[in-house]
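Hi,

Here is the structure I promised to pass on. Have a look at it first, and then read my notes below.

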Amino acid sequence: MMPLSIFGFEAMWSPYFFVFLVAVTIAYFWLVNRSKEPTTMKQKTLFVTAIVLLYICKGSPVDLLGHLMFSAHMTQMAVLYLIVPPLLIKGIPSWMFEALFRIRAIRSSVTFFTKPLIALFLFNGIFSLYHVPLIFDVVKTNMWLHALMTTAIFIAAMMMWWPLVNEVRGFSTLSGLKKIGYIFADGVLLTPACALIIFADTPLYATYYDPAAWMNALALCVPQSTLSSLELSGPEMFSSMSLLHDQQLGGVLMKIIQEIVYGVMLFYIFIEWYRKERDEEHMAIQTTKS
């Protein structure tokens, strides 16, 4: 198998994206240290973790590998849309969101698109639409469409997670029981897209089985000067797995990561719910005694 290093440093490590994320992180800490509003160490840790995962998904060799193996692409999608958004929401202090929401258009948009039903169908609808083979192959070979679609799904993922984890004044979160129903509904809505991929008996995406389409897709992350100097025939040069098995593995990994993330979230909700009930019971006892 060919090593990824043949594509060069820029394709593997995306230095410009790295510099951008470093600048965002510096700006975050500058604002946090300058503000009189409190920001906990937990929030700072969650924010940095989200930024590191964002770089791993979109700036490290994982992003390049996602153009070579569909299973890597789906793992990238799972982390980018199921793990990074809640970490960002929890990592950004409420006062930063409140300052942003002073812009009426942003506040109105967030209020509308984070309504539970709208948020659920928006994220799962865009994600599923993206993985329709015809749309996927067009988006994967056009830099602007790819950037637009990736950004749209990420924003939709932020909206989807917002009702579960936000702590901003004026934006209510769902109650414990509704959170559980919301998570189960989210899992159900994502299942058809995963099932299409897992149970397909032929490779679905031309950008992984057609050499010409694959090269066009690869041009999105590899400089043209580097790409033109290489003799490549297809993604099979970088993996011993068949295209069909790689595709099926991608669907399975997406579903497994989703179940793990939602399982952790359900555990967190149950713990939060239990503590709330215990505190209310304790307060009731104290009131009765007094």
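**A buried glutamine**

Gln 247 has a relative accessible area of 3%, so with the cut-off for buried set at under 20%, Gln 247 counts as buried. Do keep in mind that this is a predicted model. The residue belongs to helix H16, which covers residues 243-289. What does Gln 247 touch, leaving aside its neighbours within four places in sequence? Its contacts are Phe 70, Ile 197, Ala 200, Thr 202, Pro 203, Leu 204 and Tyr 205.

**Helix H12**

One of those contacts, Ile 197, is itself a buried residue of H12. That helix takes in residues 176-198, and its 23 residues should span 33 Å at 1.5 Å a residue; the end C-alpha atoms are 32 Å apart, which agrees. Buried residues in H12 include Leu 190, Ala 193 and Cys 194, along with Gly 176, Tyr 182 and Asp 186.

**A nonpolar patch**

Now for the surface. Leu 129, Val 132, Leu 134, Val 138, Leu 145 and Leu 148 make a nonpolar patch of about 550 Å². Helices H10 (133-139) and H11 (143-165) each supply at least two of the patch residues. Where does Val 132 sit? Its place is in the loop between helix H9 (116-130) and H10. Val 132 has 35% relative accessibility, which lies between the 20% and 50% cut-offs, so Val 132 counts as partly exposed.

Cheers

How values were computed. Residues numbered from 1 in each chain as written. Predicted model: local features only at pLDDT ≥ 70, side-chain atom pairs only at ≥ 80, totals over all residues. Heavy atoms only, no water. Helix = DSSP H or I, 4+ residues; strand = E, 2+ residues; numbered from the N terminus. Expected span 1.5 Å × (residues − 1). Buried < 20%, exposed > 50% of the residue type's maximum accessible area, 1.4 Å probe, protein only. Contact = heavy atoms within 4.5 Å. Patch = residues over 30% accessible without salt bridge, like charges linked within 9 Å, V, L, I, M, F, W, Y side chains within 5 Å. Areas by Shrake-Rupley, 256 points an atom, 1.4 Å probe, with all protein chains shown as cover. Salt bridge = Lys/Arg side-chain N within 4 Å of Asp/Glu carboxyl O.
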